[in-house]
Amino acid sequence: MARIVMKFGGTSMAGTERIRNVASRVKREVDAGNEVAVVVSAMSGETDRLVGYCREASPLADPAEYDVVVAAGEQITSGLLAITLQSLGVKARSWLGWQLPIRTSSAHSVARIEDIETAAILASMAAGEVAVVPGFQGLTAGERVTTLGRGGSDTSAVAMAAALKADRCDIYTDVDGVYTTDPRIVPRARKLHRITYEEMLELASVGAKVLQTRSVELAMKEKVVVQVLSSFSDAPGTLVVDEDDEMEQELIAGIVADKGEAKVTLVGVPDKPGVVAGIFGPLADANINVDMIVQNIAKGEGKTDVTFTVPRAQLPASMDVLEKARDAIGFASLLADDDVAKISVVGVGMKSHAGVAATMFRALASRGINIQAITTSEIKVSVLIPMDYVELAVRVLHTAYGLDGPIAGDVAEDAESDA
Ligand code: ADP
Ligand code: ASP
Ligand code: MG
């Protein structure tokens, strides 16, 4: 007997028929003698709809009340799954975040899980009941409902697996594993049977949304065995593992396109000490996460340009912050461009190989794709390019690094973005 956490994403939970499919997968694990907790997302499109209501009600909605609204999607699917399991003769009950409780920080809309109370849920599971837990939600010490940031149900599942000391955390989604790149963009993407935590973390943090970044951080820290699988097929998935000597060392694990950033350029900034701090200090104070940064060499009269990227949703706030600091910084003009995308190549093999970045730049140049900014880490190279070239760039790079395989199957047709 094993103790398993199974997590089902938005596409898997979209409608009663799909919930019945989920329930039959859960029943299979129960019939095999396992103890099961299930973490569910809202139906696909539902969280977007709820976010839309909040924005309509007020663009500056109180984050605590925003969380009350957007946490509701998962309440519905957890109840529906419990009902459906019962209809199949499986004992089951739902446990909302506040009922366990799942304690989080008080950073509404981006809360972090701090602790999960497990005594009651473990007793119920030991008595043969499937525990159905809504993902994405928690409770502050002050008893207010929180949510964990978009895609947060992955993190709920891994945290639940760690708290329950589960043998496995199986993440069921609308693709049958982690691929060398998004199989919706490149049909020749190859499924990775194993991937290291480190690579998965980097892929997630540069924008591959198949797992939320925090879920991978937590799995790595708590040594949770994570597997990515399809809700719609029985194909073997991807196992996230510690780096080991036996793993075939591919140079590149994957390529990621992220359309979630926007570019800001400050033109004519005085080239003297303290100016860069004057730009990024106020942005940090406003909780704006700056990603790529380029400072040009000074032209003639001691002026330079500074370019950087911010999350697309924070572009208006960034412009506002910088305009207010215009006199203190002393720039000539401020430009915003949200017609950009970030393309990253990730692989632990890079640590010991030269030429990875050169291959990238050459491949992009061969198609006339202009690079606007570059950042690198030990196992990653990212470039900023015009949005129109995203799909071409991903395909060209996928071929340039020798990653192309046969055309993939098993991608659910009507999958939407996040639930
Ligand atoms: P869920 O609703 O199940 O949480 P998500 O939409 O959050 O699913 O994540 C799954 C999606 O991630 C896939 O449909 C796919 O388009 C996208 N994706 C991006 N990069 C990759 C990758 N390298 N491998 C697999 N899927 C990827
Ligand atoms: N429903 C939430 C979202 O769409 C959480 C999740 O599905 O992981 O972001
Ligand atoms: Mg997701």
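What follows is a working chat about a predicted model.

Q: How is the pair of Phe-8 and Tyr-172 arranged, stacked or edge-to-face?
A: The ring centres of Phe-8 and Tyr-172 are 4.7 Å apart and the planes meet at 15 degrees, so the pair is stacked. The cut-off for stacked is planes under 30 degrees apart.

Q: Which strands hold Phe-8 and Tyr-172?
A: Phe-8 is in strand β1 (residues 3-8) and Tyr-172 is in strand β9 (residues 168-173). The pair therefore ties together parts that are 164 residues apart in sequence.

Q: Is Phe-8 buried or exposed?
A: Phe-8 has a relative accessible area of 0%, so Phe-8 is buried. Tyr-172, at 7% relative accessibility, also counts as buried.

Q: And how do the rings of Phe-280 and Phe-308 sit, stacked or edge-to-face?
A: Their centres are 5.0 Å apart with the planes at 70 degrees, so Phe-280 and Phe-308 form an edge-to-face pair. The angle has to be over 60 degrees for that label.

Q: What does the pair of Phe-280 and Phe-308 tie together?
A: Phe-280 belongs to helix α9 (residues 275-285) and Phe-308 to strand β16 (residues 303-311), so the pair links parts that are 28 residues apart in sequence.

Q: Is Phe-280 buried or exposed?
A: Phe-280 is buried, because its relative accessible area is 14% and the limit for buried is under 20%. Phe-308 is buried as well, at 1% relative accessibility.

Q: Switching to charges on rings: where does Arg-93 lie?
A: Arg-93 lies over the face of Trp-95, at 3.6 Å from the ring centre.

Q: Now the ligand. Which residues come nearest to ligand 1?
A: There are 17 residues around ligand 1, and the nearest are Thr-173, Asp-174, Tyr-179, Asp-182 and Arg-184.

Q: How do the residues of the shell around ligand 1 divide?
A: The shell has six nonpolar, five polar and six charged residues.

Q: What is the distance from the side chain of Asp-174 to an oxygen atom of ligand 1?
A: A polar side-chain atom of Asp-174 is 2.7 Å from an oxygen atom of ligand 1. For Arg-184, an N or O atom in the side chain is 3.0 Å from an oxygen atom of ligand 1. For Lys-7, the distance between a side-chain N or O atom and an oxygen atom of ligand 1 is 3.2 Å.

Q: How much of the accessible area of ligand 1 does the protein cover?
A: On its own, ligand 1 has 570 Å² of accessible area, and the protein covers 94% of that.

Q: Where is Asn-34 found?
A: Asn-34 is in the loop between α1 (16-31) and β2 (35-40). Asn-34 is buried, with a relative accessible area of 15%.

Q: Backbone geometry next. Which residues does a cis peptide bond join?
A: Leu-100 and Pro-101 are joined by a cis peptide bond, with omega about -10 degrees. Pro-101 sits in the loop between β3 (92-94) and β4 (102-104).

Q: What is phi of Lys-223?
A: Phi of Lys-223 is near 55 degrees, a positive value in a residue other than glycine. Lys-223 is in the loop between α8 (213-222) and β11 (226-230). Lys-223 is exposed, with a relative accessible area of 60%.

Q: And phi of Glu-143, what is that near?
A: Phi of Glu-143 is near 65 degrees, a positive value in a residue other than glycine. Glu-143 lies in the loop between β7 and β8.

Q: Where does Gly-142 lie?
A: Gly-142 lies in the loop between β7 (137-139) and β8 (145-147). At a relative accessible area of 56%, Gly-142 is exposed.

Q: What separates the C-alpha atoms of Gly-142 and Glu-250?
A: Those C-alpha atoms are separated by 48 Å, with Gly-142 and Glu-250 being 108 residues apart along the chain.

Q: Last one: where is Glu-323 found?
A: Glu-323 is in helix α10 (residues 315-324), and at 38% relative accessibility Glu-323 counts as partly exposed. Glu-323 and Leu-334 are 7.9 Å apart in space, C-alpha to C-alpha, and 11 residues apart in sequence.

Conventions. Residues numbered from 1 in each chain as written. Chains lettered and ligands numbered in written order. Predicted model: local features only at pLDDT ≥ 70, side-chain atom pairs only at ≥ 80, totals over all residues. Heavy atoms only, no water. Phe/Tyr/Trp six-rings, centres within 6.5 Å; stacked < 30°, edge-to-face > 60°. Helix = DSSP H or I, 4+ residues; strand = E, 2+ residues; numbered from the N terminus. Buried < 20%, exposed > 50% of the residue type's maximum accessible area, 1.4 Å probe, protein only. Lys NZ or Arg CZ within 6 Å of the ring centre and 35° of its normal. Near = heavy atom within 4 Å. Polar contact = N/O pair within 3.5 Å; in protein donor to acceptor, adjacent residues only side chain to side chain. Areas by Shrake-Rupley, 256 points an atom, 1.4 Å probe, with all protein chains shown as cover. Nonpolar A, V, L, I, M, F, W, Y, C, P; charged D, E, K, R; others polar.
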